Amino acid sequence: MYPVVEVRGLVNRFGTQVVHDGLDMEVHADEVFGIVGGSGTGKSVLLRSILGLQRPQAGIIRIDGQDITQMDQEQLRSVKSHYGVSFQSGALYSGLTVRQNVQLPMLEYLKLSERALDDLAMLKLRLVGLTPAAAGKYPAELSGGMVKRVALARALALDPKLLFLDEPTSGLDPVSAAAFDDLVLYLQKQLKLTIIMITHDLDSIFRTCNRVGVIVDRRMISDTLERIVDDPHPWIQEYFHGERARARLRAGHGT
Amino acid sequence: MAVEVRRTAEGLQLELTGQWGVRQFGAIDGELAAVELTSARRIEVDAQQLASLDLSGAWALHEFVRRAHAAGAEVRFKGAPPDQLRLLDEILEEAGKGVEAPPPLRVAAAPHGRFMQLLIELGKSAVRMGGNSRKGLAFVGKTSMTASAGLAHPRHLRLTSIARHVYDTGITALPIVALIAFLISVIIAYMSATQLRGLGADIYVVDLVTIGVLRELGVLLTSIIVAGRSGSAFAAELGSMKLNQEVDALVATGVEPFEVLVVPRLVGLTLALPLLTVVADLVGITGGALLCRYLLDMPFNQYIGRVNDAIAPTTFWVGVIKAPVFALLIAGAGCYHGLQVRASARELGRLVTVAVVQAIFLVILADALFAVLFMKMDI
């Protein structure tokens, strides 16, 4: 069984600035894989490379065993229909209603009747905990938490097995963030999803991820959550055992 | 085939096969809809042979079961029902909990007569227009307040910003304005030359070109080009700043958006457009001179002498004096519509279009008013 997503020897360079230099990453089926790293370490660049939004200077990126760096547009399009992406700020289409936003991938890839489109869009909205009342609203009328949920519903429009989440809980209050994490976990279990998420949120990592990859020194150190916290690298130590992390652990043990 | 149907003594046996995914949804939905439910009392569904079943596929099955129940049939699964179906029930139940029933569709208003309908539409658009003109008036008022405060305290006039807008709207527009002015004067000279030569009145070509360019065409064409270039740019810049909450950020910082966004654009364009007009005038007259020289064999000094005879001392100023007014109209329309943008990218596109169309319309309207004014003043 090959990994769902496999990155080997990835090199990304902008002018003289080297972002990734021989980065390796492996994500297996049914995992929730967290990508962690300081600001400017190239988490988003890594995600953009995997999504085929930019071509790396060197390296191999395999999704379901197929190298996407060697693909033409048509092949890439077919791969893209098999995963869902939720962007950091939602990236909902502002001119379309919530329902139309969820239907857009279906319209692009499938031939469905009007009624089937409506039924499936409603189903996806209910799946992420939104009421039918939200369906007719425009993105500008939604709260931050709802935007994230709609983005998730849109990412799930084609029932993908692989899901990319870019900072899913950023900008949410702790209660909403926890609720969102629970939703992601629930969907992961029920739909047997493989999830790759970029996040800063320690709570989120401890609640949802089973493996974590940390980008340090232009490469990735990845391991299970239990083992990565003991990695000797100074940045990882600071991240998982710094002041904020200790406060979190204290709070965690207190309950 | 996603469904195999067998009729038994008591009802139907359904065997589900293959992939049941969102990609097959259209076909599956069609096949399930084609299953005849009447006279079927018991339906046995065998989902054990399915290669895969995702949420959309499960929804198709869920809807079929619901339809079967509604038709009075009893549905049983061979073995355990698929997990996805249970998940679906869970989701639907969860979604139904704690949510009040969706509001009933609004009862359509009693149909009015055609005349009443017309009256209602008229009233609505009158109210809308009233609201719009009040907003427009508020914009004009606030802009003039901010601008006059800026004149009283020059510290509030953002000079760097004004300089940038003079550069963006004026200097970078020079090539296209000069080219258009040249071409227009050549066209006028050429057209009038072919007509006037038959009357032996070649020399009046100079009058036509000079007066036409200086009084009207120089400033009008320049304004229309600038409305297309800078009016749209103003609306798009301010509109996307609105969308991006940059305008809110300014207000929250205690910076007046009219002071840093609107007034510099207005002042910048008011400085740039007269200068562009002067350039257009010069290039236009030069273009006329070149055409007269090569088409009518008129020496340059004769052309210049005729230009001096043709124009009154006011001719040049009649054209240039209009430029600042047009500039205010263009910049005002651009900024006003830019600031009206709310919510969506589509609205941004619509309002940029409105800004340009309105700017050009206002410029031509103002030009007509100027023509009447100058006629009454006998200049």
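Guide: A crossing is left-handed if the near helix is turned anticlockwise from the far one by less than a right angle, and right-handed if clockwise. This is a predicted model: local features need pLDDT of at least 70, side-chain atom pairs need 80 or more, and totals for chains, interfaces and linings use all residues. Residues count from 1 along each chain as written, with chains lettered from A and ligands numbered from 1 in written order.

Visitor: In which hand does helix 6 of chain B pass helix 7 of chain B?

Guide: Helices are DSSP runs of H or I, at least four residues, numbered from the N terminus. Helix 6 spans 174-197 and helix 7 spans 204-243, with axes 9 Å apart and an angle of about 145°. Their crossing is right-handed.

Visitor: How many charged residues are in the contact of helix 6 of chain B with helix 7 of chain B?

Guide: Contact takes C-beta atoms, placed from the backbone, within 7 Å. By class, 17 are nonpolar and five polar; the charged count is no residues.

Visitor: Which element of chain A gives the most to the side touching chain B?

Guide: 20 residues of chain A contact 20 of chain B. Helix 4 (114-127) and helix 6 (174-191) of chain A each give two or more residues to that side of chain A. The top contributor, with six residues, is helix 4 of chain A.

Visitor: How far apart are the C-alpha centres of the domains of chain B?

Guide: An automatic or database assignment sets the bounds. Domain 1 covers 3-96 and domain 2 covers 136-376. Their C-alpha centres are separated by 69 Å.

Technical notes: Contact = placed C-beta atoms within 7 Å. Axes fitted to C-alpha atoms, helices over the stretch in contact; angles between N-to-C directions. Nonpolar A, V, L, I, M, F, W, Y, C, P; charged D, E, K, R; others polar.
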